[in-house]
Structures are given as structure tokens and as C-alpha cells.
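Let's take a walk through this model, stopping at a few spots along the way. Have the structure open as you read.

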Amino acid sequence: MASSVSSPLVFSVKRCHPEFVQPAKSTPREVKQLSDIDDQEGLRFQVPVIMFYQSNPLSMKGKEDPVKVIREALGKALVYYYPLAGRLIEGENRKLMVDCTGEGVLFTEADADTTLDSLGDAIQPMCPCFEELLYDVPGFGEILGSPLILIQVTRLRCGGFIFALRLNHTLSDAFGLSQFLNAVSDMTQGLSRPCLLPIWQRELLNARNPPRITCMHHEYEEVTSTKGTLLMAMDKNNLVHRSFFFGPKEKRTLKKRLPTSLGAYTTFEVLVACVWRCRTIAFAVDPDEVVRFSCIINLRGKQGFNLPPGYYGNAFVSPASITKAGMLCANPLEYAIMLVKKAKMQMSTEYMKSVADLMVTQGRPLFTKSGNYFISDNRHVGFGEVNFGWGKPVYGGIARALSNISFCTQFKNKKGEEGNVIPICLPPLVMESFEHELKRMTKKEERAR
């Protein structure tokens, strides 16, 4: 396990004035409702994505300007994804809808006096220079009435470039965004329309009539009795951002700790269980405090959901397992793995429908904050495959974790080892303890009994 602590980067970025990129052709002017899975209070935030591209003079677009190529392709893709060029509004009972105004997405052209080689360890999640690579344009950060996508394309001295984006999460999840970016990629290759046409049909994930909550939803529980250990420690202005790489050695070491009696498990289950357990230990949580693990599970391709190919809305649920902190910390790793598996096993068509029904009957509650930790499996989302004509990115994926949300994605380290990276943000002293515990788990090879 290697943690990435990037030294401060010093380079300057010159930006042009942000401009709106509108659909290249006239699009319908209409109002479209989001689904009840989209329309959650807990999704009213912006998701940052970053992609690093090398110079490639032998590629299709090698000698062209990436800013011009991507901007033109973006306008063409928005003809098909025209709701993304609109603005969010609220209807009755704060119901979210897209006013398809065609105003466009916000686009910034930039140049940086650095190279990909100079960026070094910054080419990964938790990039320390992200604010330079995606300018937070003043006045355009609100959930309602603002552009739904903000993009910056930054040319580098080496001929490479960085594509950074921010998406209003209520419109799409990671798979939906990846689908849109691949549509932009299709346009850069001269196609007249995307290979996979977008499907709106948000009514597929709406509440039933009448709605009825039929499942237990620990991820939305209102916690009234808590010692507040985790909440008090998570001051968003005092968090350290770091990424942790799990290569073949680390995975092998963790699996050697597991007894054969555990039965079948996945690498993802092992990694996220280990991170959750180490994080809880690092916080020194009161043993009687209830902690939660929410596993973000995508519905696409799952039996019984019948989501059509091309659906680009939010299509996931986040079932949670709960336990007392003392139990999680005192028991071996397999205990945490069993809880992760238990969370995943809750997912069903009935569970999804129950979530949608909960949203409309309970006023679209936030996810439980106290002691709740989310990890999203982004290993197969496809950001690392998006090719604008310069080849695949050196790294492509979500740019950073949040205080209680991490993600797991594919990553190749400097040694060329294939593995997974999980970014996390914690208070400074908690991060020290977390690193210590994670190193203990991944470097000392102990065989299970």
C-alpha cells in the first residue's frame, strides 16, 4: 500500500474568459422531470472529474488544438444530450426539473506552463492543483439556475492537455457522465451521431403510486442519539486529502488474513472493508457508537431493472450495514467483509422502489451523516477509456473524495503495477492514525487461523 503525498506544485495557468458552449443545432424547448432516484437532497452537489492526456503526434488529432476539437465536439454532442445544456428548476414540493433552455455548458480555455512529467504524483485522484485546472467561475456554482456542466481544457507545454469537468450530480451518475463523454469522443472522430444514443425516461425510476416503504434504509435514518465522535472531527476546512494504492502485493497480504471459512468474496469487498475498518479505528470512535457502511450499487445490467442502454440518469442505491464501532474495530477483517457483503445483498428491485417511495413520502431526506461512510465502485465506469483523438488518458476519473465519500478505481502506479486507488480525506491526526493502521494491515503478512 502506497499513499501519495504530492509536494506543492508551482506553475501558472492562463485562462481565457469562460464562454457558453450551446448545442450545435436547435433543440426542443421543454421541461423534463428528474426521477425520484435523481431527486435526492444528498445528490445536490457537484462531482469533479479529471483526465490527463499525453501529446500524441501520431494520433488522429495529434497536431490539432485539443481546445478547438473538444469545444466543437461538445456542441455536437449536446444536440443529443440537450437537457445538459439547460438549467435546473424546482416545481411543487421542491421537485427537480430541467428547463431545457439550450443556454449551454460553461467552457474555459487555458494554458499551463508545465508538463505531464512535471506533474508527477499529481496525476491521480486528489490532484493538489485541481483548483488551477478547473476554475470555479464565480456566480455559477449553485445547484439551481446554473450551468449543469463546467469544463476547462488546459494545454500543457509538452503538447499534452488536461480535461477537467464538474457535473451537477442530480443529472447523472458516473456511468451516465462517462456515456456523455464518450458521445463527445464520437463527435471528435467525425461521427454524425453518438454510437450509443441517450435515453431520458427518468420515469422508470420514479416512486410507485401509491408509494410504500417496504425495506429498512439505514442509510437515511435520522440519528437522534449519538456521541458525535465522527461529526465533531470532520471539519471540512481542516481535512488532509490523500490517495492509497493497492497493488498485487497489498491485495495478496490482505487476502492471506482471511480464513477459508469466509467463503466467496471479491477484491472490492476486501479493499473497502479494510479501508472502512482502518478509518473507524483511526477516529478512535466510542465503542458504543453506531457506524455505517453504505455501498453504492449501480442498477444497470442488473436483473429485474430493465434500464435501457443509453439511460444516463442516476441509477444506483446505497444500502447500508450498521454495527457498533467497538465490534468493527475489535473483530478481524472478515467481520467487516461480511458487513460489506450484507449491505450489497440488500439490493433488489424492491429495494430500489422502496428508496424512490421513501424520497417522496419523507421529504427527500439527506443520507445519514453521523458515522456513515460511502465507497463507490468506479473500476468499470470507463473514464479511462475516453479518447478525444489523442489516445486514452494517463489517468481519468473522479478528481477527489468528500469527507464521507470515497471511490475505488483502476490505477497504474509509477512501477507499471496495475491495481486500485482509493482516495480519502480526513483530519490531519486521524490521517496519521489511518495510514499507520493501513500499513500494518497491508505490510505484515499474517495467515488466518
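Start with asparagine 168, which is buried at a relative accessible area of 1% (buried means under 20%, exposed over 50%, partly exposed in between, with a 1.4 Å probe and protein chains only). Asparagine 168 sits in strand E10, residues 161-168; strands (E, at least two residues) and helices (H or I, at least four) are DSSP runs numbered from the N terminus. Its C-alpha lies 5.3 Å from that of leucine 148, 20 residues away along the chain.

A word on the ground rules: this is a predicted model, where local features need pLDDT of at least 70, side-chain atom pairs count only at pLDDT 80 or more, and totals for chains, interfaces and linings use all residues. Numbering runs from 1 along each chain as its sequence is written, and side-chain values use heavy atoms, leaving out hydrogens and water.

Now hop to helix H6, residues 248-256, whose buried residues are Glu250, Lys251, Thr253 and Leu254. They share one side of H6, because they span an arc of only 160° around the axis (taken from the directions from the helix axis to the C-beta atoms). Arginine 252, also in H6, is partly exposed at 43% relative accessible area.

Next, the backbone. Most residues other than glycine have a negative phi, and most peptide bonds are trans. Asparagine 93 has a positive phi, near 60°; it is in the loop between strands E6 (87-90) and E7 (96-99) and is exposed at 67%. Alanine 284 has phi near 50°, and is exposed too, at 60% relative accessibility. Finally, the peptide bond from asparagine 209 to proline 210 is cis, with omega near 0°.
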